[in-house]
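Dear colleague,

Please find below the sequence and structure that I am handing over to you. My notes on what was found follow directly after them.

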Amino acid sequence: MSTKPPPATHRLGPQLGEVIDRTRPLRFTWDGAPHEGYAGDTIASALAAGGVRTFSRSFKYHRPRGILTASFHDPGCIVQAGDEPNVRAAHRRVEAGASVTPQNVWPSLRFDVRSANRAVSRFLPPGFYYKTFMKPERLWPTYQKVLKRFASGGRVSATAAIGYFDKRYAHPEVLVAGGGPAGMAAAVAAAEAGASVMLVEEEYDLGGHLRWGGAEELAFLAELRAAVAAQPGIEVLTNSAVTGRYDDNWVAVLQRGLPQHRERLIKARVGTLIVAPGLIERPYVFEGNDTPGVMLSTAVRRLIKLYAVRPGERAVVLSANADGDAAAADLERAGVQVAEVVDARRGGDVVRVRGSRSVAEVELGDGTKVACDLVVMAVGWTAPTGLLNMAGDRPAYRPEAARFLPGESLAPNVLAAGGLAGDGSLDQLVEHARAVGRRAATGEGAVPDLEVHAHPALFRGRTHGMVDLSEDISSKDIVAAAREGYDSVELVKRYTTVTMGPAQGKLETVNAVAVLAEATGRSIQATGTTVWRPPHVPITLGALAGRMFEPVRHSPMQSWHEAHGAVPLVAGQWIRPDRYGDPGAEVRNVRERVGIIDVTPLGKLDLRGPDVPKLLNQLYVNKWSKLEVGAVRYGVMCAEDGVVLDDGVTGHLGPDHYLMSTTSSGAATVWEWVESWLQTERREWRVHVTPVTTAYASINVAGPNSRELLGRLSDDVDLSSEAFPYMRVRTGSIAGVGSCFMWRIGFTGELSYEIHVPAAYGLHVWEALLDQGADLGAAPFGVEAQRIMRLEKGHAIVGQDTDGLTQGYGAALDWLIKLDKDDFAGKTELAWQHERGGYPMLVGLHPTDGSVVPDEASQIVDARNHIVGRITSSRWSPTLGRSVCLGFVARHLTEPGTVVTVQLPDGRRITAAVTPELASFDPEGVRLRG
Amino acid sequence: MILVPCPHCGPRNVSEFRHVGEATARPDPASATPAQWRAYLYLRRNPAGWTTETWYHRAGCRAFFGAERHTVTNQFRRSWSGGEVSPLAGTPAELGGGVDASTAEGAPEP
């Protein structure tokens, strides 16, 4: 292995428009060997300057592949650069020190064992994988391993550095997709008319085909570039591409190669989208058309003019247009011997190319064989109409021009410019583009029509060749597929995978359609094309994922929880303290002394107005008209299908003033529910809703010592049991903080007060409680301890002990549902449920062996192995020294004392008995009401 | 990513809204039969064409408003707040819900 890069045998002298910087040579390795290029070279051009011709092996047959288009789409130039697979070597600039390797080769690029596929290619027709490797099924893992070796792409590294992919939102009035002469002219005209413009170009420089033109084109290019630079209203994004146009001109732009991160996804809401991608040169289909050394005319012109690379020694040019002729002239100027220019306009044709590793000889239509190492094709242009298709347009095929042009149904905020829209001289196309730019910016001004010039229709020659070089699909394969009955273009695409490679049809679709049309005896128009969908260009998953903007919510006491070792619980967007140590010990402390828990995420809605009782009656299943000022009541809400929606406590704070509490996870849902009634069904009710969930820090002070503790911090509220009974609300100051309110409720089953403190003072009050309560045993408890205690008391949690089908009566709420109310949400379905009976019901369950704690969601089964219920909540109770559960059982099993069978996830079966009440501890509620 | 014309805020990204659903009329609960009630809960005309529906501007002005939209092309021709807003039906969406309206490919003209 040599340690010196090979001499740049194919590097030319300075070219007028070259993009390489000869003062900055760069070294890199290719396939393990050192190579050299210049800053500005692409990987492919640097290698080609050193005489490299083979860059990869094809997907299925492992045929050697070289430069075909010398552009982003070049199918044979996809390589691995360091950790990054699938790098487009004919677009990506060379970097110093890069380690570039070929993909899909084994053991090496020169000698690829798998090219033996070629010998068995007749047994590998398209769709062969639908017919082979099927039986026996037990060998699928083996088939998979073998196939993986034969059809591999690049390597994904498990140790690659994590990249940062950015995201940005933009609102340009005009977005121009394509920075060639038409795109630049349109952008300048739009900016002159006052619009904000975003100009997106896939290459590293603006200019399109002008860049490899003659002195005149380069001079005009310099003018256009200066005009763009002179407009402050044009934002130019190079090495970027529009990857999709969505509804209402929601446009995705992928910006590549930024210094700080690999890709940025720009989501733009665009006023008017101008599509000016130019035309993509189309390969010609003939035997050997994928051999290294067969190139498009634009490829040789790019190599010569941009990178000063001589593409070969001796060339034959098949030309059907002026660009082919210009390529022949460029080749001669570059010192390539042009053996023959075959004029396709006069019937000239190329029949086949011979050469195993590289072009050796070409056979022409008149039978002559010419020895050469370079065959150049200039047989026509494909219009990349993808973005127009995505905008709802149906481009029409024009047989005289042998290409598709925009149809009639383009949306008014999407315009086409440049070669996509029609033909003409450079001046005519620029004039047209300026008119398009003005129209895009102002909505006014006529856009002149463009001519459509005739062009010979050349798709496939006299022999069969490759149509899709990425997928290794030949024209023979398409004909065979049509013969098998896959004769529509959508079916052929999916069956053969033609156009499904990295270029996504940009180089393949029209040839595929033409071959199919020929095979089925239809015209190209009648055959049509497949549907174009985003992404229009390759995009990394990183760019799609982008940055995560996910808010995190925590209470004012969070810093205290963290400092005291709370294990966090993620509950939706909220971070809550799950436990500080042993939840069992926390439970014991609450039941014996006093504990405090941060329940700030609890939903809180401030309701004001004379019609609040009507609202409460409408949304809750129980009655609210007679709730006095100073009282609070528990309520359950059902949806219009009778399914339990949420529960909470609502208090009457003052005249026309209530506070509704909801579950933490239901806070936003219930607010929306309340608003929907007030804004739609009951617009005449006078109620004003203010969500105050985060306006108050909420703390539950629970346990036998809670009254004593709160009394030390509250001077203006009489906390005695006579003055402040159970289910009442009082307002006052706590720890010197005014405007607090507290209510006596009892989720945990202990004497407890839920205090709501203006949020800014939450931490102060929290710390004051612990400080003042030290001798009373005050300690924090977390969500887990609370859940254990509420389970001991048989309190159901909506969403845990109810699901999306649990109607009110099924949740054991018959004591709460007041069917004699006139109307409330869910009343009709609840009444019918009540009539029907027979519904499964929520009951308390004690496993017979109190040391077994069944998993939640364990199924309850009967003697015939039918599922008759499930465990919804299950914990070990430190208070009772045994396991306690809640669960659903079929109606006939709800009698207290009934023994049911529970199947645990590991397959074991245990028995459990239905308890007389849902509550296992203090069912009378004596401790609550003290 | 369609633009929804909120009558208060103007055209905004669909991700700001919750699509409440096709307009329905809430039957009189006192006299509705189970079949009528369930039609209110679950059955919709669901035309391929113009439909009247309710939207909720969840991440904006928080108003419920009505709109006429073409279900195939996602064009809107009218949106209004107050009066004539169709009532809700069924359960409201979970927190964090949004609407993802995809392009109608190859759609015929409205």
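In this predicted model, 6 strands of chain A close into a barrel, in the order 43-46-45-44-47-48 and with antiparallel pairing. From one strand to the next, the twist averages 45 degrees. A:Arg870 stands opposite A:Phe888, which belongs to strand 46 of chain A. Helix 21 (residues 783-792) of chain A lies across strand 45 and strand 46, and runs at about 120 degrees to strand 45 of chain A.

Regarding chain A as a whole, the secondary structure comes to 22 helices and 48 strands. The C-alpha trace of chain A spans about 110 × 70 × 60 Å along its principal axes. The radius of gyration of chain A is 38 Å, whereas a compact globule of 930 residues would have one near 30 Å. Of the 930 residues of chain A, 59% count as buried. Among the contacts in chain A with a separation of 6 or more, 65% come from residues 24 or more positions apart.

A second sheet may also be of interest to you. The strands 20-21-22 of chain A, in that order, form an open sheet of 3 strands with antiparallel pairing. Its edge strands are strand 20 (350-354) and strand 22 (369-371) of chain A, each of which pairs on one side only. Neighbouring strands of this sheet are turned by 20 degrees against each other on average, direction ignored. Strand 20 and strand 21 (residues 361-364) of chain A pair in the antiparallel sense over 4 bridges. The bridge partner of A:Val350 in strand 21 of chain A is A:Leu364.

Next, the nonpolar cores. The largest nonpolar core has 71 residues, of which A:Phe28, A:Trp30, A:Ile67, A:Leu331 and A:Val362 touch the most other members. Apart from this core lies another, of 31 residues, which include A:Leu713, A:Leu719, A:Met742 and A:Leu776. Not counting residues up to four places away in sequence, A:Val362 touches several residues, among them A:Val316, A:Val350, A:Arg352, A:Thr368 and A:Cys372.

I turn now to the charged side chains. Side chains of opposite charge can pair when their charged atoms come close. Over all chains, the structure holds 60 salt bridges. In one of them, the side chains of A:Glu750 and A:Arg591 meet at 2.6 Å, N to O. A:Glu750 lies in the loop between strand 40 (737-743) and strand 41 (752-758) of chain A, and A:Arg591 in helix 16 (residues 583-592) of chain A, so the pair ties together parts that are 159 residues apart in sequence. Are these two side chains buried or exposed? A:Glu750 is buried, with a relative accessible area of 1%, and A:Arg591 also counts as buried, at 6%.

A salt bridge also joins the side chains of A:Arg547 and A:Asp166 (3.5 Å, N to O). This pair links distant parts of the chain, 381 residues apart: A:Arg547 is in the loop between helix 14 (541-545) and helix 15 (558-563) of chain A, and A:Asp166 is in strand 8 (residues 166-170) of chain A. A:Arg547 is partly exposed, with a relative accessible area of 34%, while A:Asp166 counts as buried at 9%.

The side chains of A:Arg27 and A:Glu36 meet in a salt bridge as well (3.1 Å, N to O). A:Arg27 counts as partly exposed at 47% relative accessibility, and A:Glu36 is partly exposed with a relative accessible area of 37%.

Where is A:Phe824 found? A:Phe824 sits in the loop between helix 21 and helix 22 (827-836) of chain A, and is buried, with a relative accessible area of 1%. Leaving aside neighbours within four places in sequence, A:Phe824 is in contact with residues including A:Asn617, A:Tyr620, A:Leu830 and B:Arg26. The C-alpha atoms of A:Phe824 and A:Tyr753 are separated by 30 Å, and the two residues are 71 residues apart along the chain.

With kind regards

Key. Residues are numbered from 1 along each chain as its sequence is written. Chains are lettered from A and ligands numbered from 1 in the order in which they are written. This is a predicted model: local features need pLDDT of at least 70, side-chain atom pairs count only at pLDDT 80 or more; totals for chains, interfaces and linings use all residues. Side-chain values use heavy atoms; hydrogens and water are left out. Two strands pair if DSSP finds at least two bridges between them. Helices (H or I, at least four residues) and strands (E, at least two) are DSSP runs, numbered from the N terminus. Axes are lines fitted to C-alpha atoms, for helices over the stretch in contact, and angles run from 0 to 180 degrees between N-to-C directions. Contact means heavy atoms within 4.5 Å. A nonpolar core is a set of buried Ala, Val, Leu, Ile, Met, Phe, Trp, Tyr and Cys residues joined through side-chain atoms within 4.5 Å. Buried means under 20% relative accessible area, exposed over 50%, partly exposed in between (1.4 Å probe, protein chains only). A salt bridge is a side-chain nitrogen of Lys or Arg within 4 Å of a carboxyl oxygen of Asp or Glu. The radius of gyration is taken over C-alpha atoms; the globule rule is 2.2 Å times the number of residues to the power 0.38.
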